[in-house]
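The following exercises ask the reader to work through a single protein chain. Each task is followed by a solution in steps.

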Amino acid sequence: MVFPDLLFALVIGIIFTGIFAIGFGRRGPWASIPVFFILVFLAAWVGGAWAAPIGPPLWGGYWLPFAFMGLLVALLLVAAAPAPQSTVEIQNPAAERREERQAEVAFEIFFWILLITMIIAIVSRYMW
């Protein structure tokens, strides 16, 4: 059942990346289409693999859990996108750059922890 699950997650990842990242121009806190796709793809795969099968079967698998999880994660990523920059002048640009860098590092750490956790969840689902 790995192949239908992989195919469903891939299609859902492509669809939601196209809708949110390309259609609406929102890519989440990383502002990168490949990162957005990877997170939606892996989250859809984890959710679909671990959720109870619901909906109509297609090609030997159930696609609805993949779609629900992919949509949920895509919406969360889009909601976590930073607000547009203000036009107010900054009094201390060095402090502002330092704060921006700290936020970037925090998002990078979060990304890698999330990525590794989702890969472990996928592998463990098919191993046991």
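**Exercise 1. Which residues of the largest nonpolar core touch the most other members?**

Solution. The model is predicted, local features need pLDDT of at least 70, side-chain atom pairs count only at pLDDT 80 or more, and totals for chains, interfaces and linings use all residues. Residues are numbered from 1 along each chain as its sequence is written, and side-chain values use heavy atoms, with hydrogens and water left out.

Step 1. A nonpolar core is a set of buried Ala, Val, Leu, Ile, Met, Phe, Trp, Tyr and Cys residues joined through side-chain atoms within 4.5 Å. Buried means under 20% relative accessible area, exposed over 50%, and partly exposed in between, with a 1.4 Å probe and protein chains only.

Step 2. The largest core holds 28 residues, and Phe36, Leu42 and Trp45 touch the most other members. Two or more residues of this core come from each of α1, α2, α3 and α4. The largest share, eleven residues, belongs to α2. Helices (H or I, at least four residues) and strands (E, at least two) are DSSP runs, numbered from the N terminus.

Step 3. Leucine 42 is in contact (heavy atoms within 4.5 Å) with Leu115, Met118, Ile119 and Ile122, leaving aside its neighbours within four places in sequence.

**Exercise 2. Is glycine 70 buried or exposed, and which residues does it contact?**

Solution. Step 1. Glycine 70 lies in helix α3 and is buried, with a relative accessible area of 0%.

Step 1. Leaving aside its neighbours within four places in sequence, glycine 70 is in contact with Ile12, Phe16, Val40 and Ala44. The C-alpha atoms of glycine 70 and phenylalanine 16 are separated by 7.3 Å, although these residues are 54 residues apart along the chain.

Step 2. The buried residues of α3, including Gly70, Val73 and Leu77, pack against α1 (2-23), α2 and β2 (61-62).

**Exercise 3. Which element gives the most to the lining of the second largest pocket?**

Solution. Step 1. On a 1 Å grid over the protein atoms alone, a pocket is an open set of points where a 1.4 Å probe fits, with protein on both sides within 12 Å along at least five of seven lines; lining residues have an atom within 4 Å of a point.

Step 1. α2 (33-50), α3 (64-79) and α4 (93-127) each supply at least two lining residues, and α3 gives the most, with four residues.

Step 2. The lining includes Leu39, Met69, Phe110 and Met118. By class, the lining has ten nonpolar, no polar and no charged residues; Ala, Val, Leu, Ile, Met, Phe, Trp, Tyr, Cys and Pro count as nonpolar, Asp, Glu, Lys and Arg as charged, and the others, Gly among them, as polar.
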